[in-house]
Structure formats: structure tokens, C-alpha cells
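I opened this entry to record what I looked up in the structure.

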Amino acid sequence: MNNLTAKDLDVLTHLLTGEEMACKKARIYANTLTDASLAQEMENFARAHSERFAALYAILGGKA
């Protein structure tokens, strides 16, 4: 397990929250946009945020 300080955990929690919110918003936009190319871009953004969330979560879980 990583030796994370309280400050590290606070920062990770804050980053996880931000990535989760950005992913959710991008998915909502992707589902509501009528322009297919813009909707696809929003889905790409959502996927990128989801990947960053997973990477941060792995650090929190000691798997990185």
C-alpha cells in the first residue's frame, strides 16, 4: 500500500470528484446533442475522464 498522507487523500478525493462530475456531464451532453460529430466528441471526453478516474482510483487503492 502507498503511504499516502491526509493531504494526499484529500487531493485524490477532490480530483476523483471532479473527474466523475466531468464524465457524467460529458455523457449527458453526448446524449442530448443532435450533431453526431459533437456528440461523438463529448463521448470521447467522457471516456477520457473515466480513464483518469480509474487511474486515480487505482492510486487510492494502492494498485499503481
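My notes below take the helices, then one histidine, then the surface.

I was working with a predicted model, in which local features need pLDDT of at least 70 and side-chain atom pairs count only at pLDDT 80 or more, while totals for chains, interfaces and linings use all residues. Residues are numbered from 1 along each chain as its sequence is written, and side-chain values use heavy atoms, with hydrogens and water left out.

I then listed its buried residues (under 20% relative accessible area, 1.4 Å probe, protein chains only), and found Leu-12, Leu-16, Glu-19, Cys-23, Ala-26 and Ala-30. These buried residues of α1 pack against α2, where contact means heavy atoms within 4.5 Å.

Next I looked up His-49, which lies in helix α2; it counts as buried because its relative accessibility is 19%. Leaving aside residues up to four places away in sequence, His-49 touches Glu-19, Ala-22 and Cys-23.

Last I checked Leu-33, which sits in the loop between α1 (6-32) and α2 (36-60). Leu-33 counts as partly exposed because its relative accessibility is 35%, the class between buried and exposed, the latter being over 50%.

Terms used. Helices (H or I, at least four residues) and strands (E, at least two) are DSSP runs, numbered from the N terminus.
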